[in-house]
Amino acid sequence: MLKKRTSHYKKKLGLSPGSIVYTGDKETQGLFIESFDYNSEFVDKKVHANIEDVFHFKNTKSVSWININGLNHVDAIEKIGNHYNLHPLTLEDIVNTSHRPKIDDYTNYVFIVLKMIYYDKDEQVVTEQVSFILGDNYVISFQEAEGDVFDTVRNRISLAKGRIRTLGSDYLLYALIDAVTDHYFIVIETMGNKIEDLEDNLFTGYSQEEISVQIQNLKREILKVRRAIFPLREIISRIEKNENNFIQDKTIHYYRDIYDHVIQISENIEIYREMIWGLMDMYMTTISNKMNEVMKVLTVISTIFIPLTFMAGIYGMNFDYIPELHFRYSYFILWAIMIALFFSMLYYFKKKKWF
Amino acid sequence: MLKKRTSHYKKKLGLSPGSIVYTGDKETQGLFIESFDYNSEFVDKKVHANIEDVFHFKNTKSVSWININGLNHVDAIEKIGNHYNLHPLTLEDIVNTSHRPKIDDYTNYVFIVLKMIYYDKDEQVVTEQVSFILGDNYVISFQEAEGDVFDTVRNRISLAKGRIRTLGSDYLLYALIDAVTDHYFIVIETMGNKIEDLEDNLFTGYSQEEISVQIQNLKREILKVRRAIFPLREIISRIEKNENNFIQDKTIHYYRDIYDHVIQISENIEIYREMIWGLMDMYMTTISNKMNEVMKVLTVISTIFIPLTFMAGIYGMNFDYIPELHFRYSYFILWAIMIALFFSMLYYFKKKKWF
Amino acid sequence: MLKKRTSHYKKKLGLSPGSIVYTGDKETQGLFIESFDYNSEFVDKKVHANIEDVFHFKNTKSVSWININGLNHVDAIEKIGNHYNLHPLTLEDIVNTSHRPKIDDYTNYVFIVLKMIYYDKDEQVVTEQVSFILGDNYVISFQEAEGDVFDTVRNRISLAKGRIRTLGSDYLLYALIDAVTDHYFIVIETMGNKIEDLEDNLFTGYSQEEISVQIQNLKREILKVRRAIFPLREIISRIEKNENNFIQDKTIHYYRDIYDHVIQISENIEIYREMIWGLMDMYMTTISNKMNEVMKVLTVISTIFIPLTFMAGIYGMNFDYIPELHFRYSYFILWAIMIALFFSMLYYFKKKKWF
Amino acid sequence: MLKKRTSHYKKKLGLSPGSIVYTGDKETQGLFIESFDYNSEFVDKKVHANIEDVFHFKNTKSVSWININGLNHVDAIEKIGNHYNLHPLTLEDIVNTSHRPKIDDYTNYVFIVLKMIYYDKDEQVVTEQVSFILGDNYVISFQEAEGDVFDTVRNRISLAKGRIRTLGSDYLLYALIDAVTDHYFIVIETMGNKIEDLEDNLFTGYSQEEISVQIQNLKREILKVRRAIFPLREIISRIEKNENNFIQDKTIHYYRDIYDHVIQISENIEIYREMIWGLMDMYMTTISNKMNEVMKVLTVISTIFIPLTFMAGIYGMNFDYIPELHFRYSYFILWAIMIALFFSMLYYFKKKKWF
Amino acid sequence: MLKKRTSHYKKKLGLSPGSIVYTGDKETQGLFIESFDYNSEFVDKKVHANIEDVFHFKNTKSVSWININGLNHVDAIEKIGNHYNLHPLTLEDIVNTSHRPKIDDYTNYVFIVLKMIYYDKDEQVVTEQVSFILGDNYVISFQEAEGDVFDTVRNRISLAKGRIRTLGSDYLLYALIDAVTDHYFIVIETMGNKIEDLEDNLFTGYSQEEISVQIQNLKREILKVRRAIFPLREIISRIEKNENNFIQDKTIHYYRDIYDHVIQISENIEIYREMIWGLMDMYMTTISNKMNEVMKVLTVISTIFIPLTFMAGIYGMNFDYIPELHFRYSYFILWAIMIALFFSMLYYFKKKKWF
Ligand SMILES: [Mg+2]
Ligand SMILES: [Mg+2]
Ligand SMILES: [Mg+2]
Ligand SMILES: [Mg+2]
Ligand SMILES: [Mg+2]
Ligand SMILES: [Mg+2]
Ligand SMILES: [Mg+2]
Ligand SMILES: [Mg+2]
Ligand SMILES: [Mg+2]
Ligand SMILES: [Mg+2]
Ligand SMILES: [Mg+2]
Ligand SMILES: [Mg+2]
Ligand SMILES: [Mg+2]
Ligand SMILES: [Mg+2]
Ligand SMILES: [Mg+2]
Ligand SMILES: [Mg+2]
Ligand SMILES: [Mg+2]
Ligand SMILES: [Mg+2]
Ligand SMILES: [Mg+2]
Ligand SMILES: [Mg+2]
Ligand SMILES: [Mg+2]
Ligand SMILES: [Mg+2]
Ligand SMILES: [Mg+2]
Ligand SMILES: [Mg+2]
Ligand SMILES: [Mg+2]
Ligand SMILES: [Mg+2]
Ligand SMILES: [Mg+2]
Ligand SMILES: [Mg+2]
Ligand SMILES: [Mg+2]
Ligand SMILES: [Mg+2]
Ligand SMILES: [Mg+2]
């Protein structure tokens with residue numbers, strides 16, 4: 001009855017640390033490389049065919065954003081890693097698509113792993129890992145597949161909207177992380193709506209099995225999102241503490257704004273958890289109440305008719321000597337007794353508030 | 001079965017940080033601007049038509065309180081923000097009506113977001129966000145709609161009641177926050193009364209469905225209030241720590257008084273949570289006890305009459321040779337046996353304490 | 001169905017901070033003022049009619065204990081507060097009888113709020129607030145009503161028992177707090193006994209409704225006591241840390257002794273909480289077990305007699321052609337079959353351990 | 001229905017601090033005093049009749065262990081306390097047999113209270129308090145009654161086994177505490193075995209009432225042991241921190257070894273707690289499953305025979321005109337219908353997996 | 001009904017600290033000693049017959065890894081311990097196979113205890129203890145039995161794969177610990193799969209008893225793994241803090257990588273715990289739902305046929321005067337009434353959604 005599964009972890013078992021092994025399942029993903037090089041005066045947006053084309057951005061004074069999709073192309077990732085002096089452990093983490101969100105400070109760069117979260121068309125929560133390298137005047141981002149939450153940042157750079165073009169790579173990184181966290185709110189909001197709908201339909205709308213499946217699904221979704229979001233608190237507060245020189249003082253307020261968001265999202269998640277437990281309890285109560293009602297119907301009917309049936313049984317006996325059988329009004333008297341009994345039991349159950 | 005909802009968060013998705021987007025739903029609220037300018041000698045209370053009319057308070061030596069209702073008027077808020085040198089992120093937070101309570105220290109002001117909480121006419125908990133800017137000699141407060149908890153502060157300023165007129169903007173801010181927290185006690189007290197009533201009526205007063213709905217509602221209310229109040233601990237203790245120079249030493253004791261209140265309210269909330277879980281358990285027990293009683297009635301009746309009915313059935317059979325049928329006293333003997341059985345079973349159940 | 005209640009908090013809503021408003025319900029309590037002035041050589045015990053009579057103790061070199069009962073006499077409290085230079089917020093807290101236990105350090109005194117706890121004649125937990133002002137050479141205590149736990153301290157002062165007469169006001173305060181915490185042990189012990197009794201009677205002694213009411217009452221009592229006792233940990237440890245100069249080094253060991261007590265009491269309360277939850281679970285199990293037993297009785301009886309009744313019904317039919325009806329031993333054979341069936345079902349249920 | 005109990009706490013109510021009041025119930029225990037005086041060259045083991053006989057050990061340069069059994073002899077304890085300059089609060093705690101484990105640093109000694117724990121003959125957890133005074137070159141231990149866990153230490157001193165004879169009083173104290181904690185492992189192991197047995201017998205071996213009583217007993221035992229052991233973490237880590245000069249650097253590693261033990265024991269206790277809660281849940285599930293099975297038997301039998309009995313009832317009616325009664329094969333056709341119905345219902349329940 | 005068990009702890013009771021007592025149960029395990037001596041230029045791999053053969057590695061400048069299997073050979077362990085100057089308490093811990101994972105800093109070495117975890121052939125979680133001594137230029141590892149997770153490290157040393165041959169003993173220790181933690185992922189992944197399978201089969205695949213046994217087993221496995229893994233956080237972070245000089249700065253990043261792994265594993269364990277509790281709740285709900293369904297079947301059948309049977313009973317009575325018996329169409333009219341009743345009750349239950 002057990003499913004066959006391939007283990008991501010067995011691939012890596014016993015390899016030397018820093019071995020660059022792609023652990024995801026998008027093995028046929030093409031390699032996509034784009035770059036934005038800009039300052040307040042110009043912007044240069046390009047798509048590149050070869051990884052070597054983005055090597056020179058290491059030395060441009062303008063701010064450069066290099067975005068690479070396709071973590072299965074480990075050769076390209078190793079090449080850019082070597083050029084930009086990234087630690088082998090950093091490269092290993094970039095292609096390990098199930099890594100926990102984290103921040104690592106190196107002397108020449110800051111390494112950040114995050115999760116983009118969104119609902120797909122089937123209303124399932126999907127997470128995609130994105131890694132950032134923040135250097136002096138560049139940001140490199142790595143994604144598993146195409147499609148991301150950064151289009152608004154691309155626009156703001158292209159159109160010189162907002163203050164992004166006038167500021168450094170630290171603000172660029174902020175803008176990218178902010179785009180990621182802004183989408184968390186959408187996920188959180190959808191989750192809240194799901195809980196509300198479930199509450200509204202607990203008593204009537206859904207079948208019992210549907211409800212317990214939906215509650216369990218919601219619990220699992222919350223665990224998934226919580227796990228992606230919780231490490232962010234520490235990541236942002238470590239950026240805020242500004243231990244490295246890559247973040248300028250005036251950008252700090254922007255990271256603090258993200259911190260506010262993360263706290264608010266975390267709080268919402270905890271509240272949803274409580275509400276789901278409450279729902280579960282309420283649902284159990286509902287089942288018990290329904291059972292109670294079923295039992296009452298059975299008991300009322302049985303308790304009324306079983307004694308009456310017994311009486312009828314008595315006068316269905318074939319004894320030679322049953323005096324009552326021969327009285328003129330026996331049958332009618334018995335009916336009278338039965339009807340009296342029927343109504344007095346009905347009255348008794350009514351008084352007990354059984355129906 | 002899902003309701004249509006408009007997403008507050010989609011409005012803001014991908015906007016540049018500091019974009020001033022009103023996220024509430026009171027789009028047609030009028031703009032209301034009032035000011036109090038005072039010191040120990042005079043008080044000047046005015047209502048203004050234009051936002052520019054309150055610009056000069058930035059430089060008056062007297063204490064100035066500017067209160068602005070109508071967060072949908074983002075232009076006015078942007079204008080006053082620019083004049084008073086407020087950070088774009090501050091302005092963004094002011095009009096984001098679902099922000100978490102917080103404190104932000106800037107070099108030229110302190111920014112505080114709080115929630116006013118009260119029960120509306122339908123006994124539903126309502127929260128309204130209020131933001132404060134504390135500058136050197138002014139306080140600006142922002143609210144979404146008219147109606148607030150500050151009338152007592154207005155009176156004390158106008159009538160020179162208490163020490164408010166003799167002290168600075170730090171004491172004014174204290175008085176406003178104190179007015180907000182004083183109302184929390186009313187909410188907390190109402191909640192306590194609701195729990196008490198529910199306890200009193202658990203066994204008799206309410207129907208089963210009413211009870212589980214009321215318990216779930218109380219849980220949700222508590223979550224809502226908790227979320228509004230809990231961040232206050234940190235806010236007040238950060239004010240107390242006096243990291244900025246906006247709070248004078250002699251005002252600290254007043255903020256400590258609010259801190260006491262917030263701790264007491266938080267404690268009450270935790271106690272209510274425990275009591276509601278206790279109620280839930282007690283209610284489940286009640287349901288089980290009732291089911292038990294129903295089952296006993298069914299069992300007593302069935303257990304007594306099913307064997308009797310079987311006996312009657314025996315002598316209703318039409319076999320040619322059933323000797324007992326022809327004995328003179330069979331019928332009466334059978335009755336005797338049945339009555340004996342009836343009372344011995346009754347005695348048995350009585351002894352088992354089933355009724 | 002809702003009770004009418006008067007709100008304590010509405011009385012204070014919007015008042016200027018430091019407004020001295022009595023929030024209790026003993027409005028007709030008389031004012032009682034007593035004083036003990038002593039050193040190792042003499043003791044002077046007096047009851048005073050006017051609050052002004054205790055003003056001079058502020059300057060006596062001997063240790064003075066002033067005890068005031070009757071918080072409704074706000075004028076007297078304001079007068080003594082003014083004379084002893086107490087902060088308006090201190091006075092407000094003294095007469096706010098539902099204040100949380102706390103400690104406040106002022107430059108000229110230490111202010112402590114505690115709860116005295118005891119069981120009244122109806123075995124209900126009662127709390128009464130007591131506040132202490134610790135000055136250089138005096139302690140002032142404030143209570144809502146007469147009757148307290150300090151008689152043993154009064155005796156020790158009067159009889160020069162123990163070391164109390166040889167030490168300062170810091171030791172006097174210790175002796176008073178110690179008297180309060182000593183009574184906590186009595187409350188805790190009574191609570192433990194109640195839990196033990198409930199455990200002993202869970203299966204037999206009490207009715208089901210009594211049990212769930214008693215469990216809920218115990219939970220409520222524990223919450224009440226916990227709330228009064230928990231803040232004490234911090235209060236005592238702040239006294240221990242000796243931030244102010246009112247506590248001498250050699251008295252510290254005595255406060256540490258109270259700290260031990262408070263920890264032990266807190267631990268007991270946590271243990272009682274766990275035991276009560278355990279009881280609740282055990283009780284639910286008991287109900288389920290009983291239901292199980294009831295169901296088994298019903299099922300055994302029904303399962304045995306329903307098929308037998310069916311058989312009897314078959315031969316009660318009036319078809320013209322039922323061959324068995326006319327055989328000589330049909331009736332006896334049927335009885336044999338029925339008895340066989342009866343005992344084999346009995347054996348089956350016995351083997352299933354249903355009775 | 002409430003038991004009469006004597007309150008330990010009422011004995012001490014209102015006494016002056018430092019009053020030496022024995023709170024245990026072994027009032028007739030004899031006084032037993034033994035001493036070990038030793039260094040690497042000699043060992044002198046004695047039993048003494050009078051407390052004054054051990055006074056001179058205060059000044060011997062050799063290491064001295066004085067062990068005193070019988071806390072009811074408060075005079076003797078007061079005498080030795082005075083001679084060794086113990087604080088009155090220390091003496092009070094020594095004879096208070098329900099004290100929480102703790103450590104107190106005095107300038108001339110360290111005072112430690114621990115609990116010895118073991119199972120008695122009835123497999124009940126028993127705790128006995130033991131207090132230690134660690135001075136410069138002596139350790140005094142106080143116990144309520146004879147019988148302890150120190151025989152192995154006595155042996156090691158007598159036989160010069162291990163390094164005990166070559167080291168100071170700090171190592172002696174370690175050896176005594178180690179003997180106490182070594183016994184905790186036995187208790188923990190027994191508890192683990194009890195849980196395992198309960199798990200093995202949950203479905204079959206024990207009656208339902210036995211199981212819930214055993215689970216509740218285990219919970220109570222765990223609470224008891226937890227309370228005795230948890231304070232040890234802090235005690236040992238405060239010894240380790242070596243705030244006083246009574247512990248030499250080279251002994252620290254030994255105390256750290258005890259710390260390891262205490263952590264391991266605490267972890268085990270937490271695991272047992274979780275396992276017992278798991279057991280409780282599993283047991284509830286078992287009851288529900290059994291009820292389900294009982295219900296199914298009842299339903300199968302009733303659902304099959306009630307309609308059949310109805311059919312038989314129909315043809316037992318005495319109407320003058322019931323055409324079927326007079327057909328030749330009615331009876332046999334009815335049997336065929338009944339048998340068909342019987343088997344199709346059986347098939348239906350089989351398909352529903354009800355048996 | 002209690003099993004006989006031998007106590008590991010009784011063996012050690014009262015022994016002098018540092019007594020080297022093997023507490024495992026592999027008493028007949030042979031002694032196996034292997035060594036790897038290497039630097040970037042050469043590697044020397046040997047298996048030794050006598051413990052004395054590995055004494056000289058203490059002084060080689062090359063890195064040496066000595067691996068010893070067979071903790072029952074306490075003599076050999078004592079000898080190597082004396083030669084390498086290991087503290088008696090370290091030796092005691094090495095052979096105590098149920099020790100908690102920990103780190104101890106000594107002046108001449110670091111001592112680490114870990115647990116290797118893997119599933120055996122029967123899919124049971126197995127743990128084996130492994131201890132490490134990290135000296136200046138050597139690592140000694142101790143295992144209870146042959147078979148371990150270090151083959152990949154052996155390969156990397158032999159084949160000069162990765163950077164291991166160019167670095168010191170601190171990197172060797174890292175590689176060994178990394179091999180241990182890499183296997184934790186496999187265990188965690190298997191556990192996740194088990195939970196997923198259980199979820200998939202909760203409603204249909206497994207019998208009720210199987211499910212509750214599997215849930216309890218999963219809980220126990222999680223507790224076991226949690227206990228092995230949780231102490232690792234502190235161990236690694238204490239290595240990271242680099243309090244001793246045995247870890248070089250450039251190796252720190254590698255230990256931080258293990259730290260990431262440990263956090264991720266711990267998080268997964270917590271998530272699994274929550275999911276299992278969720279499963280338990282869902283399972284309880286399933287049982288209740290099934291009971292509900294059973295009850296409904298019983299109630300529908302009984303409620304329909306009991307009144308009908310009563311009617312048939314009425315006309316089976318033998319009274320002399322029952323007028324209806326003699327009407328021509330009574331029988332057919334009764335059938336009509338019964339069928340009408342039958343369908344109206346069916347309709348009623350349908351409307352109540354009972355089937
Ligand atoms: Mg990983
Ligand atoms: Mg991914
Ligand atoms: Mg913001
Ligand atoms: Mg929470
Ligand atoms: Mg949590
Ligand atoms: Mg729950
Ligand atoms: Mg944003
Ligand atoms: Mg919010
Ligand atoms: Mg609002
Ligand atoms: Mg207030
Ligand atoms: Mg106050
Ligand atoms: Mg709580
Ligand atoms: Mg619960
Ligand atoms: Mg209160
Ligand atoms: Mg009071
Ligand atoms: Mg005391
Ligand atoms: Mg004490
Ligand atoms: Mg606890
Ligand atoms: Mg707990
Ligand atoms: Mg005590
Ligand atoms: Mg004791
Ligand atoms: Mg030991
Ligand atoms: Mg050890
Ligand atoms: Mg735990
Ligand atoms: Mg738990
Ligand atoms: Mg539970
Ligand atoms: Mg050990
Ligand atoms: Mg092992
Ligand atoms: Mg690895
Ligand atoms: Mg890594
Ligand atoms: Mg968790």
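Which residue forms a salt bridge with C:Glu267? In this predicted model, the partner of C:Glu267 is D:Arg100, with the closest N and O atoms 2.4 Å apart. Six salt bridges are found across the interface of chain C and chain D.

**Extent of the interface**
- Chain C contributes 65 residues to the contact, and chain D contributes 72 residues.
- The two chains bury about 6,200 Å² between them, with 61% of it on carbon and sulfur atoms.
- C:Phe310, C:Phe319 and C:Tyr321 supply 11% of the area that chain C buries against chain D, more than any other three residues.

**Polar contacts and the chain C side**
- Across this interface of chain C and chain D, 19 residue pairs are in polar contact.
- Helices H4 (151–158), H5 (169–200) and H7 (252–314) of chain C each supply at least two residues of the side that touches chain D.
- The largest share of that side, 32 residues, comes from H7(C).
- By class, the side of chain C that touches chain D has 27 nonpolar, 20 polar and 18 charged residues.

**Aromatic pairs**
- Over all chains, the count comes to 95 aromatic pairs.
- B:Tyr171 and B:Tyr254 form an edge-to-face pair, 5.1 Å centre to centre with 85° between the planes.
- This pair links helix H5 and helix H7 of chain B, its residues lying 83 residues apart, and both B:Tyr171 and B:Tyr254 are buried.
- The ring planes of C:Phe310 and D:Phe305 stand at 55°, with centres 5.6 Å apart, so the pair is tilted.
- That pair crosses between chains, from helix H7 of chain C to helix H7 of chain D, and C:Phe310 and D:Phe305 are both buried.

Conventions
Residues are numbered from 1 along each chain as its sequence is written. Chains are lettered from A and ligands numbered from 1 in the order in which they are written. This is a predicted model: local features need pLDDT of at least 70, side-chain atom pairs count only at pLDDT 80 or more; totals for chains, interfaces and linings use all residues. Side-chain values use heavy atoms; hydrogens and water are left out. Contact means heavy atoms within 4.5 Å. Buried area is the accessible area (1.4 Å probe) that two parts lose on being put together, summed over both. A salt bridge is a side-chain nitrogen of Lys or Arg within 4 Å of a carboxyl oxygen of Asp or Glu. A polar contact is a pair of N or O atoms within 3.5 Å; within protein, one must be able to donate a hydrogen and the other to accept it, and residues adjacent in sequence count only if both atoms are side-chain atoms. Helices (H or I, at least four residues) and strands (E, at least two) are DSSP runs, numbered from the N terminus. Ala, Val, Leu, Ile, Met, Phe, Trp, Tyr, Cys and Pro count as nonpolar, Asp, Glu, Lys and Arg as charged, and the others, Gly among them, as polar. Rings of Phe, Tyr and Trp (its six-membered ring) pair if their centres lie within 6.5 Å; planes under 30 degrees apart count as stacked, over 60 as edge-to-face and the rest as tilted. Buried means under 20% relative accessible area, exposed over 50%, partly exposed in between (1.4 Å probe, protein chains only).
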